[in-house]
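Please walk through the fold strand by strand, with the sequence and the model side by side.

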Amino acid sequence: MAENVNLNRNLVSHICRTLQDFCSMDLQYRPVIPFGGAGAVVKCDESKFNHKAKYNRGRRPARDTWVFGIITAEYSPARGYFTVVDRRDADTLWPIIDQCILPGSEVQTDDWGAYRGLTRLANVQRHRVVVHARNFVDPRTGVHTQEVESCWSQLKLGLKRRKGIRRKDLQSYLDEMMWRQWRGDDHMQIMENFLGIIPQQFDVNRPTL
């Protein structure tokens, strides 16, 4: 991009980050959560987002970076909510799940221990599990997490193109991807939709969240 517009790389990077921040602010102003509800299926998973250096060059990260995702199977391709988490325990994940889903939702997960007992959450009507050590799709119930796995692949492909991203910038990147899923529409409409949110960021009469 810097070469195409003949600008300094750092300046282009700063502009791109500012545009990502517009996506973050729009998601705060027009939240995509909660979703799900009676009869709806949502799927939860966590994934490690450490960048793998080519040929093992470069320093290893000081700690693993995990992202927690909740997707709704209502749309194809799937849409979801993704957030960086410091831990993957029940104390961390349960409040996020409770915030993201509507009452009556069915939640499908793998057999990670933090998900045990999810039906104790008020909004979880049913919890079904697939044991990945045995099957990717449960042969008896048909439960799987393939939609969320597909989301991980798409999110990580974007990071690979960027040759990694700093941990402190990861949530902004995830916000951009969420905005594209929920607000961007198809490739013919996404630029018009994005240009439409820019004036909102400077609307002094907009309610403060």
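Strand β2 (residues 41-48) and strand β3 (residues 66-72) run antiparallel to each other and are joined by seven bridges. Two strands count as paired if DSSP finds at least two bridges between them. Strands (E, at least two residues) and helices (H or I, at least four) are DSSP runs numbered from the N terminus. Within this pair, K43 has I71 of β3 as its bridge partner.

The model is predicted, so local features need pLDDT of at least 70 and side-chain atom pairs count only at pLDDT 80 or more, while totals for chains, interfaces and linings use all residues. Residues are numbered from 1 along each chain as its sequence is written, and side-chain values use heavy atoms, with hydrogens and water left out.

The β2-β3 pair belongs to an open sheet of five strands, ordered β4-β3-β2-β6-β7, with mixed pairing. Strands β4 (79-85) and β7 (124-129) are at the edges; each has a single partner strand, so one side of each lacks a neighbour in the sheet. From one strand to the next, the twist averages 25°.

Two helices pack on this sheet. Helix α3 (residues 90-100) touches β2, β3 and β4, and its direction makes about 30° with that of β3. Helix α4 (residues 146-161) also touches β2, β3 and β4, with its direction at about 40° to that of β2. Contact here means heavy atoms within 4.5 Å; axes are lines fitted to C-alpha atoms, for helices over the stretch in contact, and angles run from 0 to 180 degrees between N-to-C directions.

I70 stands opposite Y81 in β4, and a hairpin of six residues joins β3 to β4. The loop between β3 and β4 holds P77, and the peptide bond from S76 to P77 is cis, with omega near 0°.

How enclosed is β3 by the rest of the structure? Seven of its seven residues are buried, so β3 is largely enclosed. Buried means under 20% relative accessible area, exposed over 50%, and partly exposed in between (1.4 Å probe, protein chains only). In a regular strand the side chains alternate between the two faces of the sheet. In β3, W66, F68, I70 and T72 point one way and V67, G69 and I71 the other. W66 is buried, with a relative accessible area of 19%. Leaving aside residues up to four places away in sequence, W66 touches E46, S47, K48, T83, V84, V85 and R88.

Most residues other than glycine have a negative phi, and most peptide bonds are trans. N6 is not a glycine, yet its phi is positive, at about 60°. N6 lies in the loop between α1 (2-5) and α2 and is exposed, with a relative accessible area of 70%. A further cis peptide bond, with omega about 5°, joins I33 and P34; P34 is in the loop between α2 and β1 (35-36).

L19 is in helix α2 and counts as partly exposed because its relative accessibility is 31%.
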